[in-house]
Structures are given as structure tokens and as C-alpha cells.
Amino acid sequence: MDLSRSQLNAMERAQLILDDAGVSPRELELLSRPSSRLSSHVSSRSYSPIVRPPITPSPSILASQYIPPPARPFTPDELTNHVHKINRNQSVDAIIEHPLGAIVEYPQTGVFPGQAIAHVFTIDPLSFENPKSNFQYSMGGNGGRLSCCGLLRDDSGEPVICNRLKSSCQGLKVCSARPDTALDVQHSYTSRLSVHDIIAPSLFSYVDSATAEIFMKTLALFCALSEHGCSFNAGLISGVTTALSEPNPHPCIPTGGFGAESGPESDTDFDTDFDDTPDPLPVALVQNGHLRNSRRRQSNNHEMCMGKLVMRRDRFNRHFICCQYHTRTRRSHLILRNLQEYDLDYLRALLENNTSVIAKHEGAARERGYGPLVPCSFVASPSEQKQLCPHWHRFADGTLAQGTLAREMKCTSTFYIYVPQDLAACPRVVVVCRNPHSHPPPAPIATPPPLVATFSELLHDMHWQLADATPRRVMLDSGFVRGLRKELGWNSDHTPSLSDLHPSLANLDHVRRLINTVRLQKFPNGTGYDGLYFAAVKLLVSNDTNQSSRYVRCTEMYTLPDGAEFRLIVCMSPTMSLRLTQATRISIDTSFKRIHGWQEFEVEAWDNHRMRSVVSTRAFITSQSADAHFILFRRIFEIAEADTGTAITFHHIDGVGFESVVADGHKGQGLGEY
């Protein structure tokens, strides 16, 4: 078989590629034969794994991973030369010099009262960020004045004039169930990498066992029921008895209270003799009068079910929990089955408020080191909005509730920050930390500004997808994840999380706030109708001739003859206008699913070259009336004529133009177009 010159060149190139890969024609022949020798040949070869070159993290990530060294005491010569002096009255005992851009979240303080540690930060005067903004401690008492700092010297050796800022640590918020003896904790030196081991030291350690797991799951179920109760809304169904939504006659019982097992011991699905009469309102009071979490949204509807929750058994002797108003005719009330993984004796005692049985179970749990009787070790920063401890505790009066967080103001640690007035001449900042902290270190809840800037850049790279970004959607965006891997220098196969950038980003509320801030910067007028309106006006005013930027062409509001308000948004590039004027057979359709409160209107035409249907016009409307469609078609035709210089025509009227329009049976579209 004779080969052409192009075929010979192709074979030569293929041979070069095979030679570079270390593959011979003999090996290709073996691979092409489906014989038993293939598996033995392939298995006998040794394949070396692909070694990926290491990726270097970005400078901000490297700065956040910086671990400060311990403070260095001054040498005798330095003490003799008064290098440790800030001024005539103040001095420091040790010093730490940090490199350029270092992020220090937990600056070392003195080990004993009166001891002072000086932190010298080298900064970039062109992009100055106060080192204080990286601290995780809640700071207060920001008083400032001019002062000379002997730790900073100019070229002539004289002390530099600085703006001195004085701050003090505001301590921590501690749980009301935390013992007083647990408050006597001090620390002076830690880092973000080691803070998790000491942030909330466990006062009672226990061995994880099946008994402990069942007890904690049962307690968690009861706490969830206590918080939410029966969520049936009596206002959604007409004709419901007023007993479901009348004011609670027992103020001490929260919505969805609890009571003893009552009524027939059978499930309404099985017992034909079940009485549909609701159980009486609870008589025994359950003391659950505790604050609700301020982060949880409260319902303004006063018609929520006030029924208590009871434990019953069906005819197969299987336990379940249901609202007292749950019957065969009222199946919308709460019912919970499949309680096999819970301690039914303890759960029944909690529902019935059987104090003796509760004390037996919780006392045994306390001896093993867990349960609501164990003293709490939870702490929170004063800057956090938490009002309640996430753990439930049994207090001295017998109530089971979440502990309240109160601010602990006994910390005596102070910070003196010296910022030179001329940063270009002296690009260094001194932070003097005096006295140890009288509490455990706070959790890293504040994101350092350099990492916030990194996160913001990743969000900006999402472009238009930032308009509807959420904490979950950003982690599903391949471009965002690719950028995150590059910033982190991520070499692992599994996808990194936002907490790998900084632990504070594990708080989705915090991430949502950062996203909203960046979104407002990119879309200052919002991402709704107003945002599109101002974007279209800006495009008209700028007289931008770039064809690709001319897409949102019309954002208008009309008052229809019946007095209704009609909003219209037309999205149509000049290329789409040309496609519309050249089409002869079009189809129109309206979708109601993508945007709440708007209908999405499309004009499509078949493209023979691409063998597919292409969109010629996309519009968003708020009315389906004939008058609204008349305005819609008129504006679409005007935009297409302005872009192409060709008027829209109809074949049955003008002899050229649209031969057919395929639409559904909507009356408004037909009347509006014709």
C-alpha cells in the first residue's frame, strides 16, 4: 500500500511521539492482540506514579502559617545601653522581631504581672495594615496620643515620634454552668496551630462508649424537641379548633411543651377504636424557661400549635412521640417514629418530667464524665453574638436549659501600639503586651485582613456568578476551587474547604457576610431590577461600542390599562438581533421557574448550520396579559431594527419576514403579537 506524503509525515510524527514516551512498535503489537500474554505483560511492567511538582502557597497564606518564636530577653549589654527602654518611665523585659508581612493572631504577653513583651513588626508603608487587626483578642479602651518610642530609632539614632494606641483585653464570655475554679486559667503564649488544644480544656475526660453515645443522642433529641416542639401551623387550615392556637394557659410551658403519656396506647394508623378527641392541655409544668438562641429566627405567627408532646406505643409495642393533637384526622401534627437508637426510659422520664428517674440516669452519666450535670468548659469571645452556650445543663433548680454567656472582665492584659507618624522613614510598628491573660485563648473567629483580601479576590474572579453566590455555591464553583487550591498550595487530591484558608471561615454566617460585602462592591445597585436598570443606563451614557457588552438593552416599567404595574427586561445582543431579523420561522415560550416573581420569555429559531435551536431574544416580564405582550414585542422589534437597520416583517403581510410563529395556547401572546 502506497502512502501519500501527508500520511508519511503523520507516521513520522507519531513515531517521534512514541519514542519520546518510551513505547516501541513491538509493544503496540502486543497491546493490539487480545491474548493471555497481554495481562502478564502489562502486569509485569512497573509503572511509576505521577509526581506532581509542589505548589508554593501565596504570600498571605505563608504569612498566616507563621509561628512566632518565643520572646528573647535582652542581653546585659543591651540593658546597659537602655535598649529595652520605651521612655524614661517604661521598659520591656523581652522582644520579638517579626518578618515583613507576618500575621500574628495571639501575641505573646508577660508570664507574670508587670512583665512586658515588645513585638516589632516590619510593615510595608505603601499598604499599611495595623498588626492589631490580626489579633483574635477582643480589644477595648482605644485611647491614643503622641509619644516617643525608644524601641524605634531614626537614622540619627533618636527615638521616633509615634501615635500611641492603648487597648486592653476584654476577656471572654463564659457559660453560667462553668465552675468558678475553672476561671483561674492563665496563658501568655500560643499560636493558631496549637490553640485548639487549650481553647476549651475538658474538665472531665470520659471513654467514648455505646452507653455514652446513646445517652447523648437521647439528650440531644429531647433538647431539639424542647426547642422546636410541634411546628404545625393552625392558621394554614381553616376550621381548626381554637384550642390549637389559643394563648398558652401555662406561661411556664414553651410552645410544644411536654407531658406524661396519655390517651390510648396505640398508633392512630393501627387502632380503629382510637378516640379523635385531643388530649387535655398539660397540667404538670416542665421548667424550660430559658433564653432562645438569638441567632434563631423567631416566628411572628401566633397560631403555632401549643400541644404537648407525649410518648405512646402502637399495637406492635413500638414507641413513638407525637403531639397531643395528632389523630387520624389531624395528621399534620408532629409524630416521630423509629426510636430504637434512644434510651426510651430516659426519654420518657424527660417527657414526663420524672425527676427521680432523670436524676438516676444523669447522675450515672456524671460519674462517667458526661451529661448535663458535668461542669461546662465553653468560652466565647465578647465580639461573638452568641448569647447561649451550645450545651444543655441541669441547673440547681432542676431546669434543663442552655447556659447563658456572661462577659468575664477580669483580664488585666494591656496592649500599647506605637505607629510612627512617618512610616516611610521608619517602616516598623511596636506592640507592647503587658501582663498575662487570665482566661483561655479565644477561638480564631476573626479573619485577618490579608486573608480577607485573598478571599475577596477569589470571589471577584467568579465574575457574574458572584451575583447569586452563597457559601455552598462558591465551593461548588470549579474556578473558585481552582483558585483556592492555588492560593493554599494544595497538593492533595481531595478538595480543600474554606476553613483551610482560615478557621473563622467555617462560620457560614461570617462567610455569607464577606460574600455580601464583595457583591455590594461589584454590584453597588444590587442584583435585582434596580441593578439591571442602572447597568443599562450606564451603558447608554458611556456610548460603549463594544458589541459584547451590549446585552441588557431594556429595563423599563409601565402602567397597564388596568392599572397594574408591568416591569420589562430585554436581554439581546446585536448578534442576537441579526439572528432574529434573518429568521423565518420562530418559536416563543415562557418559563415560570427560574426567577421568583418573574416570567422568562424566549424567542428561538432553528439554525441549520449548527443543527440546533438558538435563542434570538431573552426577556423577563412580570405580566402575561395581552397589553404586556404588546409592549414586549414592540420593544424587541425596536431594538432589533436599531441594531440591524432592518425592520421586522411578517410574510403574510409584507411578503417577506416571519413565515410562522410557534407558540403555546397562551391568549396573551397571541393577542399581544397580532
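I will begin with the chain as a whole and then turn to the helix pairs.

Please keep in mind that this is a predicted model, in which local features need pLDDT of at least 70 and side-chain atom pairs count only at pLDDT 80 or more, while totals for chains, interfaces and linings use all residues. Residues are numbered from 1 along each chain as its sequence is written, and side-chain values use heavy atoms, with hydrogens and water left out.

The protein chain has 18 helices and 20 strands, taken as DSSP runs numbered from the N terminus, helices being H or I with at least four residues and strands E with at least two. Of its 674 residues, 41% count as buried, meaning under 20% relative accessible area with a 1.4 Å probe, protein chains only.

Now to the pairs. The axes of helix H6, residues 210-228, and helix H7, residues 344-352, come within 10 Å and cross at roughly 30 degrees, where axes are lines fitted to C-alpha atoms over the stretch in contact, and angles run from 0 to 180 degrees between N-to-C directions. That makes H6 roughly parallel to H7, a word used for angles under 35 degrees.

Helix H15, residues 574-582, and helix H16, residues 626-644, pack with their axes 9 Å apart at an angle of about 105 degrees. H15 and H16 are therefore roughly perpendicular to each other, the term for 65 to 115 degrees.

Terms used
Buried means under 20% relative accessible area, exposed over 50%, partly exposed in between (1.4 Å probe, protein chains only). Angles under 35 degrees count as roughly parallel, over 145 as roughly antiparallel, 65 to 115 as roughly perpendicular and the rest as oblique.
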